[in-house]
Amino acid sequence: MNDPQWVEAARKLAERGIKAAPTTEGRLDFLARATLARPLEPRELGVLRGSAEKFGARFGGDAEGSAALLKVGESKSDDSIAPAELAQWTLVASQFLNLDEFLNK
C-alpha cells in the first residue's frame, strides 16, 4: 500500500480532511465518514488521535521529509496547506485507506 498512487490518494484525501475541519477530531471524523461511512468509536478515535500526534511530531521539524513525501505522485500538492501539516495528515489518511474495513467494502 506504499505504491505512489496510494500515497497520492492519501495526500488528496488529507487535503480534503484539512479543509473540512480545523480540529484533529473533526478531521478524523471527516476521514472516517469518507472512507468507512461511519463515525469512529471512542477506542478508534484514541488510537488515530495518537497517530496524528506522532506524525505531527515526526514532520514538525523535518522540512525535507515533508517535501519528499509530498512529491510522491503526479498531482501537485495544495500550496495553501503547510507541508508538515499535509505530510502528517497524509499518513493519517493512509491509515484509513489501509484498513480492512475500507478495502473490503
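This is a predicted model: local features need pLDDT of at least 70, side-chain atom pairs count only at pLDDT 80 or more; totals for chains, interfaces and linings use all residues.
Some ground rules come first. Local features are reported only at pLDDT of at least 70 and side-chain atom pairs only at pLDDT 80 or more, while totals for chains, interfaces and linings take in all residues. Numbering runs from 1 along each chain as its sequence is written, and side-chain values rest on heavy atoms, with hydrogens and water left out.

The chain turns out to have six helices and zero strands, where helices are DSSP runs of H or I with at least four residues, strands are runs of E with at least two, and both are numbered from the N terminus. Its radius of gyration is 13 Å, close to the 13 Å that the globule rule gives for 105 residues, so the chain is as compact as a globular protein of that length. That radius is taken over C-alpha atoms, and the rule is 2.2 Å times the number of residues to the power 0.38. Along the principal axes, the C-alpha trace spans about 35 × 25 × 20 Å.

As for the inside, 39% of the 105 residues count as buried, meaning under 20% relative accessible area, with exposed set at over 50% and partly exposed in between (1.4 Å probe, protein chains only). The largest nonpolar core holds 24 residues, and Leu-28, Leu-31, Leu-40, Trp-89, Val-92 and Phe-96 have the most contacts inside it. Such a core is a set of buried Ala, Val, Leu, Ile, Met, Phe, Trp, Tyr and Cys residues joined through side-chain atoms within 4.5 Å. At least two residues of this core come from each of α1 (4-20), α2 (24-35), α3 (42-60), α4 (63-70) and α5 (83-97); α5 gives the most, with seven. Setting aside residues up to four places away in sequence, Leu-40 touches Leu-28, Ala-32, Leu-45, Leu-48 and Phe-96.

Ser-66 sits in helix α4 and, at 1% relative accessibility, counts as buried. Beyond its neighbours within four places in sequence, Ser-66 contacts Phe-59, Pro-83, Ala-84 and Ala-87. Asp-3, by contrast, belongs to the segment before α1 and counts as partly exposed at 36% relative accessibility.

Terms used: Contact means heavy atoms within 4.5 Å.
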